[in-house]
Amino acid sequence: MSTIKENLLNIKQSLPEEVTLVAVSKTKPIADLQEAYNAGQRIFGENKIQEMVEKYEALPKDIKWHMIGHLQSNKVKYMAHFVDLIHGVDKFSTLKEINKQAKKHNRIINCLLQAKIAKEETKFGLSFKDIETILSSEEIKELENIKIVGFMGMATFTDNQKQLAEEFLSLKTFFDNQQQTTNSFNTLSMGMSGDYLLAVKNGSTMVRVGSSIFGNRNYNQ
Ligand SMILES: *Cc1c(COP(=O)(O)O)cnc(C)c1O
């Protein structure tokens with residue numbers, strides 16, 4: 001079995017320089033994150049706020065923490081003082097809560113709106129139309145402690161490369177269109193262990209890779 005360090009280096013080598021790698025460390029022990037840190041990784045993604053807070057407290061402070069999971073508004077306050085980027089915002093009310101908590105810490109928190117690109121029913125996310133409504137609303141201008149820097153998308157859980165490519169490309173096209181009017185946009189978060197190369201080919205600027213770095217997750221531990 002290859003080590004975390006080897007996996008990281010291999011993945012880094014396969015990515016264009018301008019693509020950011022988020023190491024998705026959910027469910028993994030501190031020692032694994034430390035190993036990735038020692039190999040030079042500084043951006044980690046978690047999907048549970050409580051778990052991210054515990055890891056933040058235990059690990060070096062130059063790590064950038066990304067929240068990639070679905071958000072519960074009442075827990076935003078626990079990460080507002082340190083979170084670097086929130087990927088999965090799919091409600092206006094959540095943006096309001098992030099803004100409120102960011103303000104308490106005199107910070108501006110970067111957020112991505114989660115777009116629904118998968119054909120599956122179970123995935124969270126906003127339609128392109130909902131996103132346009134949010135971005136063009138008057139209320140959004142009042143949220144001075146958040147900055148929407150782009151979108152996040154999760155493709156359908158399938159091996160069908162053509163379908164995956166189409167889903168990624170649909171979000172890339174929408175992103176490019178929005179970027180023309182919103183110049184704070186610089187991040188398109190798409191791609192996981194199984195599909196990150198395809199996502200990058202179709203315009204991703206940030207990939208979220210977990211099991212290909214840390215090995216399979218065991219949720220029963
Ligand atoms: C778990 C997770 C990932 C990483 O998945 P892998 O297949 O292990 O790379 C990426 N994005 C989100 C939103 C996740 O929840």
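Two strands pair if DSSP finds at least two bridges between them; helices (H or I, at least four residues) and strands (E, at least two) are DSSP runs, numbered from the N terminus. The views below come from a predicted model, in which local features need pLDDT of at least 70, side-chain atom pairs count only at pLDDT 80 or more, and totals for chains, interfaces and linings use all residues. Residues are numbered from 1 along each chain as its sequence is written, and side-chain values use heavy atoms, with hydrogens and water left out.

**View 1. Strand β6 and its partners β5 and β7.** Let's start with β6 and β7 (residues 187-190), which run parallel and are joined by 4 bridges. Here Phe151 has Leu188 of β7 as its bridge partner. β6 also pairs with β5, again in the parallel sense, over 8 bridges. Look for Leu112, which stands opposite Gly150 in β6. Of the 9 residues in β6, 7 are buried (buried means under 20% relative accessible area, exposed over 50%, partly exposed in between, with a 1.4 Å probe and protein chains only).

**View 2. The residues around the ligand.** The shell includes Val24, Lys26, Ile68, Met152, Met154, Ser193 and Arg217; a residue is near a molecule or strand if one of its heavy atoms lies within 4 Å of it. By type, the shell residues divide into 6 nonpolar, 3 polar and 3 charged. In this grouping, Ala, Val, Leu, Ile, Met, Phe, Trp, Tyr, Cys and Pro count as nonpolar, Asp, Glu, Lys and Arg as charged, and the others, Gly among them, as polar.

View 3. Zooming in, a polar side-chain atom of Ser193 lies 2.5 Å from a ligand oxygen atom. For Lys26, a polar side-chain atom lies 2.6 Å from an oxygen atom of the ligand, and for Arg217 the distance is 2.7 Å.

**View 4. Gln114 in strand β5.** Gln114 lies in β5 (residues 109-116) and is buried, with a relative accessible area of 5%. Not counting residues up to four places away in sequence, Gln114 touches several residues, among them His87, Phe124, Met152 and Met154 (contact means heavy atoms within 4.5 Å).

**View 5. Met67 in strand β3.** Met67 belongs to β3 (residues 64-67) and counts as buried because its relative accessibility is 0%. Leaving aside neighbours within four places in sequence, Met67 is in contact with residues including Glu46, Ile49, Met79 and His87.

Key: Polar contact = N/O pair within 3.5 Å; in protein donor to acceptor, adjacent residues only side chain to side chain.
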